[in-house]
Amino acid sequence: MDKSKGNLEAEISKALTQWEKSYLGRGSLSVKSDILRDMIIVTLHRILTPAEYSLCKDKEGLLSIKKIRNSLVESGLEEINQIIFSLTGQEVISFHTDISTQTGERVMIFKLSGDLEKLLS
């Protein structure tokens, strides 16, 4: 692969931000991607709206926001996996995500078919 690890991480962050804006209607304020062995770990900061923070004040609202936000991301998973494949040449074997309703931070973990970090070194 011709790209450096840092450049590829930046491209992944940019592509996921663009996906968020086009698919979800708005994007996070900052995104950081890290390639570690056969995984890509993406941290998206400040993704919740002020109204969502307000709903998260009680347990029912918190669980509702987590469920809806995770369902939205999962519904676009095929497109996200294609973005990762087009940038890395690696198939996504599994995808894991969660959101912190306290910090408004989402973490995405892509488990890949091969050791991308080794390919880049």
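The second largest cavity has a volume of about 30 Å³, a cavity being a set of points, on a 1 Å grid over the protein atoms alone, where a 1.4 Å probe fits but cannot get out. Volume here is the space filled by probe spheres set on the points, which are joined across faces, edges and corners. The model is predicted, with local features needing pLDDT of at least 70 and side-chain atom pairs pLDDT 80 or more, while totals for chains, interfaces and linings use all residues. Residues are numbered from 1 along each chain, and side-chain values use heavy atoms, without hydrogens and water.

Lining residues (an atom within 4 Å of a point) of the second largest cavity are Glu-20, Leu-24, Arg-26, Gly-27, Ser-28, Ile-47 and Arg-69. By class, 2 are nonpolar, 2 polar and 3 charged.

The largest cavity has a volume of about 40 Å³. Its lining consists of Trp-19, Glu-20, Leu-24, Leu-44, Ile-47, Arg-69, Val-73, Arg-106 and Met-108, of which 6 are nonpolar, none polar and 3 charged. The helix α1 gives the most to this lining, with 3 residues.

Met-108 is also a member of the largest nonpolar core, a set of buried (under 20% relative accessible area, 1.4 Å probe, protein chains only) Ala, Val, Leu, Ile, Met, Phe, Trp, Tyr and Cys residues joined through side-chain atoms within 4.5 Å. Among the 28 residues of this core, Ile-12, Ile-40, Val-42, Ile-80, Met-108 and Phe-110 touch the most other members. Beyond four places in sequence, Ile-12 touches Ser-33, Ile-35, Ile-40, Val-42, Ile-84, Leu-87 and Thr-88 (heavy atoms within 4.5 Å).

Definitions and conventions. On a 1 Å grid over the protein atoms alone, a cavity is a set of points where a 1.4 Å probe fits but cannot get out, and a pocket is an open set with protein on both sides within 12 Å along at least five of seven lines; lining residues have an atom within 4 Å of a point. Helices (H or I, at least four residues) and strands (E, at least two) are DSSP runs, numbered from the N terminus. Ala, Val, Leu, Ile, Met, Phe, Trp, Tyr, Cys and Pro count as nonpolar, Asp, Glu, Lys and Arg as charged, and the others, Gly among them, as polar. Buried means under 20% relative accessible area, exposed over 50%, partly exposed in between (1.4 Å probe, protein chains only).
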